[in-house]
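Here is a walk through a structure with two chains. Keep the 3D view open and follow along.

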Amino acid sequence: MIVDLVKKRIINSLFTVFAVSFTGILILSLLPGTPEEAKIGERAHPFQGESPSFISKYWNFLRNFPERALGNSLVSGRRVIDEVLDAFPYSFLLALFSVLLSLAISIPIGIFTALNKEKTVDTLILAISVFFNSLPVISLGPLLAVIFSVRLGILPVSGLDGFKSIILPSLTLSIPFSAYLIRIIRKSLLEELKKGYILSIRARGVRNIRIVIFHALRNSIFSIITVVNLRIGNLITGAILTESMFSFPGVGRLLVRSVAGRDYNLAFGIMILSSLIYVFLTLITDISYAILDPRIRYACKE
Amino acid sequence: MLVKNKKLIFAGLFLIFFVFSFSFILPFFYKISPFSINLDKRLSKPCFKAPFGTDELGRDLLARISYGGRISLSLSFVVTFLSLFTGTLLGSLSGWIGGIFDEVVGRVVDFFLAFPGIILALGIALLLGGGFFNLILALTIANTIEVLRISRAQTLKIKNMEFIKASLLMGSSSYKIITHHFFPHILPITLSHSLLSIPSIILSEAGLSFIGAGITPPIPSLGNIIAEGRYHLFEAVHLTLIPGLFLFVSVLGFNLVGESLEA
């Protein structure tokens, strides 16, 4: 039954959230120096005074969630949660813009290749997409920076300069991702076009391009989303590297800076928060599949 | 595994061969040390004496990329092998024993899966500190999880089949069942998964070193060569583009081979 499935997923996720926060606090409490003592200049000896037990620390974490739960950054002295909230809008904008850009590139090309199945254009586009899909973020980023900033001088290499500064980071993320998406879209469209209902639509004399856009694409959306879901980890890695490469002030750069400065509180704080959000998002997508996709819904009822 | 496209696999194998000979054979002929500092020749452009130019400390870039490639490739192979071994073994054990052991392993896997992308390896590397062996440990833990899941799922699939029951009736031990009956079914699948994940391991290593949580300078790796080079984007383009190209070629080679195989 679908309710049982959802219940099981929720219980599993709750357990994971508990395990992640528990281990996170355990690690933070084993590291030297408490957040309260860690302001620069007046940093007390790590083991001075009475340190609270681990249980009371975890209780504090739960009681203070989310404002003061993760303590302060060891470098800036600000609350971890404030630092993350400051950086989050930038990361969100970058993610949104890159995903929209990738979709805008890959959906038309994907449809085009599916319509021209096994012709020379199709093979050519596939070969190019294998090529672009293998482009590592840390190779592509400098290349784009050299072309657009050093040679042409139209876009800034780093820092924040209005809308212009989001273009290079999002291109760096979107180019490999849309190369990947093109192949996924093509494959699932071709799979869908083999089915019987397409044949019946075609028999009614509907034009090919209309069939692909209004019927095949619509039905293959779920399989596309499923495959894209597998790449989310990859995209997050890419975003971390891209942000730090272009000094884009998002959460990724914050994480990299805290790692470089050995600001353990901030680094592990970001890791704990991001994994909690990640678990939450996976749960939501899983449940929404079960509710939205009639195929899964009916499969569960039987 | 079947070869789907012969041209692709030859192109991929050629690129892999190129990358390997560049990293492992070239040092026998090109005897310049990747560590020797020469401040008179900082940031020099590619020329006859230094085919790829030199970096901010005057170290030879060709030697550094070759050394970095050696580190990246050998690390990726060790990680692939270790995670294949532990993942397959733990997964089939967990599926075969079942009960509380399986439950515990499942929870541990869930826990590790909660960290997206590079973050798990980054956290482990940050706890252990950088360096070659700690990086191997961090990446192995991160990569074992997926292998373990596949191996466990396969074990559950064949565990209740007739031939296993027959083997049990004939008095086979658990050891014999796992090694003689499970492994021949599981290994082809986990092996092809591991081979396909080599490029992502190379990328994780480069990414971690780029961030500063992986191989630490002065030891060169592709990631930290690019990380150091990006501060000289305006004076010395070759410092980022050449190692970037090398990284791209190695990933492309493995991806082409993976693309042309059908598991």
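A crossing of two helices is called left-handed if the near helix is turned anticlockwise from the far one by less than a right angle, and right-handed if it is turned clockwise. With that in mind, look at chain A in this predicted model. There, H3(A) passes H6(A) in a right-handed crossing. H3(A) covers residues 80-115 and H6(A) residues 164-193. Their axes come within 7 Å and cross at roughly 35 degrees. By class, this contact has 17 nonpolar, eight polar and one charged residues.

Stay with H6(A) and bring in another partner. H4(A) packs on H6(A) at an angle of about 140 degrees, with the axes 8 Å apart. Angles over 145 degrees would count as roughly antiparallel, and 65 to 115 as roughly perpendicular. The two helices are therefore oblique to each other. Which hand does the crossing of H4(A) and H6(A) have? H4(A) passes H6(A) in a left-handed crossing. From H4(A), the contact takes Ile125(A), Leu126(A), Ser129(A), Phe132(A) and Asn133(A). They meet Ile175(A), Pro176(A), Ala179(A), Tyr180(A), Ile182(A) and Arg183(A) in H6(A). Sorted by class, these residues are eight nonpolar, two polar and one charged.

H4(A), residues 120-133, packs against H10(B) at about 135 degrees, with the axes 9 Å apart. That angle makes H4(A) oblique to H10(B). This crossing is right-handed. Val130(A), Phe131(A) and Asn133(A) are the residues of H4(A) that take part. Across from them in H10(B) are Leu252(B), Asn255(B), Leu256(B) and Glu259(B). The contact divides into four nonpolar residues, two polar and one charged.

Now step back to the whole interface. In total, 37 residues of chain B are in contact with 38 residues of chain A. Which elements of chain B give two or more residues to this side? They are H3 (99-113), H4 (119-128), H8 (198-211), H9 (222-229) and H10 (238-260) of chain B. H10(B) gives the most, with eleven residues. Of the residues on this side of chain B, 25 are nonpolar, eight polar and four charged.

Turn to chain B on its own. Chain B has ten helices and two strands. From the N terminus, the order is β-α-α-α-α-α-α-α-α-α-α-β. The C-alpha trace of chain B spans about 75 × 45 × 30 Å along its principal axes. Pick out H2(B), residues 61-97. H2(B) has 37 residues and reaches 52 Å from its first C-alpha to its last, close to the 54 Å expected. Gly98(B) follows H2(B), with a positive phi near 70 degrees.

How far does the predictor trust each part? The model scores ipTM 0.84 and pTM 0.85. Chain B has a mean pLDDT of 85, and 98% of its residues reach 70 or more. Within chain B, confidence is highest in H2(B), at a mean of 91, and lowest in strand S1 (residues 2-3), at 65. Chain A averages 79, and 82% of its residues score at least 70. In chain A, H6(A) has the highest confidence, at a mean of 89, while H12(A), residues 294-301, has the lowest, at 63. Over residues 34-50 of chain A, pLDDT stays under 50. For that stretch the model has 15 contacts beyond four places in sequence.

Conventions: Residues numbered from 1 in each chain as written. Chains lettered and ligands numbered in written order. Predicted model: local features only at pLDDT ≥ 70, side-chain atom pairs only at ≥ 80, totals over all residues. Contact = placed C-beta atoms within 7 Å. Helix = DSSP H or I, 4+ residues; strand = E, 2+ residues; numbered from the N terminus. Nonpolar A, V, L, I, M, F, W, Y, C, P; charged D, E, K, R; others polar. Axes fitted to C-alpha atoms, helices over the stretch in contact; angles between N-to-C directions. Parallel < 35°, antiparallel > 145°, perpendicular 65-115°, else oblique. Expected span 1.5 Å × (residues − 1). pLDDT = per-residue confidence, 0-100.
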